[in-house]
2 protein chains.
Amino acid sequence: MKKTLIVLMMVFTAAAAFAVEGMFPLNELHNLDKKKLQKMGLQIPLSEIKDDVSKAVVSLGGGSGSFVSKDGLIVTNHHVAYGAVQYNSGPKHDYITNGFYAPTFDKELPAPGYYADIILNVKDVTSIIKKAVKKGMTDKERFKAIEEAIKKLESEVEKNNPHIRASVASMYQGRQYLLFTKLRLLDIRLVYAPPQAIGNFGGDVDNFEWPRHTGDFSFLRAYVAPDGTPAAYSKKNVPFHPKHFLTISIKPLKKGDFTFILGFPGSTNRYMTAEQLDFYLNKQIPLRLKLFHDIIDRLNAIGSESRENHIRVAFWVKMLNNSMKYYQGVYDGLHRDKAVSLFRTRDANLEKWIEKCKSGSKYKGLIPAINQINDKFKPIANKLTIMGYMRLIPTFSAAGTLTRWAEEKTKPDLERDPAYMNRNIQRMEMRLKSMQRNLLVKSDVTLMKYFLHQMANLPKDQWPETFKKTFGNVNAADLSKAIDKKVDEMYTKTGLTKTAARMKYFSMSAKELAKVNDPLLKFGGEFANEIKTLRDQNESLAGALSRLKPQFIDLIHAYTHNELYPDANGTIRFTYGSIMGYSPREAVWYRPFTTLAGVVQKETGKKPFASPKKLLELYKNKDFGSYGDPALGGNVPVDFLTDNDTTGGNSGSPTLNGKGQLIGLLFDGNYESISADYYFNPALTRSIVADADYMIFILDKFSNAQNLIHEMTIVR
Amino acid sequence: MKKTLIVLMMVFTAAAAFAVEGMFPLNELHNLDKKKLQKMGLQIPLSEIKDDVSKAVVSLGGGSGSFVSKDGLIVTNHHVAYGAVQYNSGPKHDYITNGFYAPTFDKELPAPGYYADIILNVKDVTSIIKKAVKKGMTDKERFKAIEEAIKKLESEVEKNNPHIRASVASMYQGRQYLLFTKLRLLDIRLVYAPPQAIGNFGGDVDNFEWPRHTGDFSFLRAYVAPDGTPAAYSKKNVPFHPKHFLTISIKPLKKGDFTFILGFPGSTNRYMTAEQLDFYLNKQIPLRLKLFHDIIDRLNAIGSESRENHIRVAFWVKMLNNSMKYYQGVYDGLHRDKAVSLFRTRDANLEKWIEKCKSGSKYKGLIPAINQINDKFKPIANKLTIMGYMRLIPTFSAAGTLTRWAEEKTKPDLERDPAYMNRNIQRMEMRLKSMQRNLLVKSDVTLMKYFLHQMANLPKDQWPETFKKTFGNVNAADLSKAIDKKVDEMYTKTGLTKTAARMKYFSMSAKELAKVNDPLLKFGGEFANEIKTLRDQNESLAGALSRLKPQFIDLIHAYTHNELYPDANGTIRFTYGSIMGYSPREAVWYRPFTTLAGVVQKETGKKPFASPKKLLELYKNKDFGSYGDPALGGNVPVDFLTDNDTTGGNSGSPTLNGKGQLIGLLFDGNYESISADYYFNPALTRSIVADADYMIFILDKFSNAQNLIHEMTIVR
């Protein structure tokens, strides 16, 4: 009897608290367990998801979106559409604060820089790429050969059609290559955004947190030329008619409801060996956390000196705090899960299996080979990290950019480092100009000294060449003073702290630039060149990994027989799961739903917890229309949790029910899920979704955006 | 039908999530609703609690405890017994880290400074005190008359019996006076303490937090002279035999189980008018938070300069952080509950009732009269706060102590300010000596400047006289520099930074001291005298309040008919409730039990989350003996939550089940309950209790303290 009880408990636990790992490419959906999905609540065939539903999903660059009307209306996150809101806001129209609604098409506003990619076709080009790799190639040659084969494939598709974007994605880290052909819609317009106090309620404080109360949604619309082809913004353009658009369901949701998500997750790295993970987690992340922490401390100290300074450092501090929270989340999560130890046991088991089984013998030596590459990377990792983050010093970063640009500008456009290709030069010039606005020489001097002190602390054989050249002959005891003196000197003499000098340098040839007597320009230039050299050297490591990693993934699969999927790489993925709370730690349970009552509970009257008066009044008067959910005490649901497997880049992804209807927009993950980029813990990994019911409630009762509501197909 | 549902929901809510407000004096237990208590689970008569169970409860000064054997064994919190552990620890015996267990009586260690008070008798002396108050007395005379009558009553009882302590407590802020006669046991010994890593697991990080995983318990024993009378420590002493001791129940507990707590809560202030609360919450607390915050910042800055500095400021920073968390908790909680607005509505309703009802007419003008006193307090409140916290500067505080001592030492002992009575002088001398250990002149100089700058920021008519005398003629523009100059000068010339000088001053007469040329001594002395004067002036306000507040409490009671109880004042109280979780905010639910699994989950290997290896092994091997609770997955329970009404001073209080058996030791409240010292929110106020089952598990499986287990009566 006792055993039965335990079994029942386990089944219950499994059903109640375990997320489904896997971001599956659409071309592999047929491998999934159809019956399991149907049992969970999927009511449409997987082929329909691949062939129809996915056609409604678009990539918006950094985020995802989906068509929700026949006239090209796109719904996505407020934070994805934020650039469009910001662009159109000014002293006259503060759409950030007040929100925006275009009741008719002609009132919709341009969103330059935005585009929407629709996938037209996906082709497996693995054999073509593999043909380019010849036997006997070095790893560096291998890397270059693959890079060139990809460039060639892409340009072949693109050259015949200006509206088509082609990109080859390496799946399973080089096991398979897929050629995505995409239609890029270029005229994207802003249709609706709620006030920031709804669309970004909770702001950075609530970032990565549950419970969440954010109405993170906005509407855009894709336009095309009257002939139906993609075109840049023009008054003459007409709404785009997508092949498929999503129906919106605002039927109350409940715990356990099946959900699937289609979107463009950016990057995960789940197929590491234990040694790789150990080095990343216990060496690379702590260094990053230390750098962020120290830099934030120093910037805050400078910021506390005056209101002026405070404003100038605020942007950087905010950005660094966000990054720090991400890395801290990875650090906390992987240690919480004892991931290195789990991976170590797994690798040991894999080695045993390789020894014992015939089918395993071909993997002999594989794990050690990957770990050797990891070992090769170790001595340069710290200096690469420190040198990389020196770009946070605007004047130092400018020195590098200007030096590299003087060199790259002599090459034909297509042969340049992508960052210096013509299409990026205007933005670079603008950045060199606009950096003056937030320039604070004191902070540059402080950070420069700080970074050089960090370099000085590296073992001497890890010192960057540029650093060695300048300080190699200084006694250890005098090094710290010598660094400070050198930095003070450079900043006394440099022209990089002034716009005029930067613009002059920008226009110079490499020869002219070399003659300029600007010590910071020279120092920064040398660092930039050294980084480029190091990056080139890295290509042989990357080439070796593209040989070994696919085998490692095969090995894991052969041993575990888990549902296999490649790491996220910005290509479209399907993930399935259900609405589900979780226990972040013992004795604490997070329910998967929040409501408007929680918005009011968080209300402080101060950003980021200051709701618009009208919203507070709607709550006070319980003026919820038909949007309240009886199961939530009649309250309007705001956000919900699912156990789908998502990551950055998924923002704005449609979250759909078993019928393929949109029930919400994914916009974040919980803090405990951050480490899932490296190791997926099913008990704690959750996706945070803005409820479609809240979206329609806000459109209807708050913004009175009736035309938008009528344009969409809404069911309940 | 719908109405039924709503009613049922309300009943359910009330039963499930509402704490019971009230800390009831034992002499008022008969007023409680017996049937309600029985329905909740009380199985013994209230008279038994008053006459028997309460006899097992002792006051240990700052905390509470209870007898758990016929031989005077006392169980209390680890943090209450900590001084005894610390006293007996040294380089040879680190009982703080390793814990302590005396398997036999002769191994028990002295705990000097500890005492246990047993209540012998409680007498209502209201009529005697009231007789001392004559008609026509001013408020100050009234205050003095009451003070003298109390002193007289107390000394009458005490003079005939050296073992008896008498103290008159003002109940309901002066409505009733109770004379407590207590037997003070003076020979208290340490019997058992777990390692700090169990007894203070979570440390300051978890302070005020749930979920909690602390085994906050220790055992002491009371000894008396062979003739049974209280006596100071002596080898000849024998264990005390209490009239009553508690049985311990380790039967698994469950949600909703009835609990009552007996202990000595220190202080609450729940009968304020809205104006009083508003001033306290929105003026006094923010000032304190600002002071704490600024001081911590300054101390941390000094601490970051060197390891040496860091150690010296660490104690203060820790203490200030704790206080800041308390005040922040009050601030957050009262704002969360909109308490001022609730009180304002209540006061307005009271005024309406006074107008309308005949029985209310006697209260006419009462609320305005209390608010007038509040208004009188306002202009001196800020300077009193700032001057008060200047005692955080050790050298400045020494100046005041030495000046006051020189004056007070000329008076007969009984006429002195209590702080300067003979029984406190040895400790004072020790403090003046030992302060050298952590003295950091730089921090004293920094804080002194900071406090004087804060004074300078007060409206000029609120400046302390001493400050006015020194800086009154300085131009506003030069004030800041003048302060810094004066402080630097004082610290260059003062002897107070050296032990020898302080000890010399300590031995001097007032006349001799007046001749010493020490500017800091003079400055600090003047401040100390001014604080005393201000305090004396306050007595008239206190006298007025002792007239008005009892009426205000009567008024509230007459209007609301709530179960009435006086504010906590260190006298013994009974509170009832049950085991119950809570929702700290929307979508979050806290379960009322934690287990050993949660201890392991929090384990980081670093203080305060580093468990003893043996405990981790017991967990790993699931070696739980018979202490696991099947309802908790077989795990050993550690702490639990109840909705009893408790506060500081309750630490160590026995938490009892319906049969009057000890089921745990109260040791903290949750963060959301901090503000209950001023306004009780039943949905969020919870007490945190160390489970008796964990206590016995640790004694048995971790410490193998079998003799202790056998001494107690344990049922399951």
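Colleague: Which residue forms a salt bridge with D488(A), and which helices hold the pair?

Modeller: In this predicted model, the closest N and O atoms of the pair are 3.0 Å apart. D488(A) sits in helix 18 (residues 476-493) of chain A and its partner in helix 16 (residues 441-457) of chain A, so the contact ties together parts that are 39 residues apart in sequence. The partner of D488(A) is K449(A).

Colleague: Is K449(A) buried or exposed?

Modeller: Happy to go through both ends of that bridge. D488(A) has 35% relative accessibility, so it counts as partly exposed. For K449(A) the relative accessible area is 19%, and the cut-off for that class is under 20%. K449(A) is therefore buried.

Colleague: How many residues apart in the chain are D117(A) and R184(A)?

Modeller: Their side chains meet in a salt bridge of 2.8 Å, N to O. The pair links distant parts of the chain, with D117(A) in strand 7 (residues 116-124) of chain A and R184(A) in strand 9 (residues 176-185) of chain A. D117(A) is buried at a relative accessible area of 2%, and R184(A) is buried at 15%.

Colleague: Moving to chain B, is K469(B) exposed or buried?

Modeller: K469(B) forms a salt bridge with E526(B), the closest N and O atoms being 3.0 Å apart. The pair links helix 21 (residues 519-560) of chain B, which holds E526(B), to helix 17 (residues 465-471) of chain B, which holds K469(B), across 57 residues. At 23% relative accessibility, E526(B) counts as partly exposed. K469(B) has 61% relative accessibility, so it counts as exposed.

Colleague: How many salt bridges does the structure hold over all chains?

Modeller: Side chains of opposite charge can pair when their charged atoms come close. Some of these bridges share partners, joining R404(A), E408(A), K411(A), D417(A) and R535(A) into one network. Over all chains, the total is 70.

Colleague: How far apart are the end C-alpha atoms of helix 10 of chain A?

Modeller: Helix 10 of chain A covers residues 274-303, and its 30 residues should span 44 Å at 1.5 Å a residue. This helix bends by about 30 degrees at Y280(A).

Colleague: What distance separates the C-alpha centres of domain 2 and domain 3 of chain A?

Modeller: Chain A is divided into domain 1 (5-113 + 194-267 + 567-715), domain 2 (120-185) and domain 3 (274-539). Between the C-alpha centres of domain 2 and domain 3 of chain A, the distance is 29 Å.

Methods
Residues are numbered from 1 along each chain as its sequence is written. Chains are lettered from A and ligands numbered from 1 in the order in which they are written. This is a predicted model: local features need pLDDT of at least 70, side-chain atom pairs count only at pLDDT 80 or more; totals for chains, interfaces and linings use all residues. Side-chain values use heavy atoms; hydrogens and water are left out. Helices (H or I, at least four residues) and strands (E, at least two) are DSSP runs, numbered from the N terminus. The expected span of a helix is 1.5 Å times one less than its number of residues. The bend at a residue is the angle between axes fitted to the seven residues ending there and the seven starting there. Domain bounds come from an automatic or database domain assignment. A salt bridge is a side-chain nitrogen of Lys or Arg within 4 Å of a carboxyl oxygen of Asp or Glu. Buried means under 20% relative accessible area, exposed over 50%, partly exposed in between (1.4 Å probe, protein chains only).
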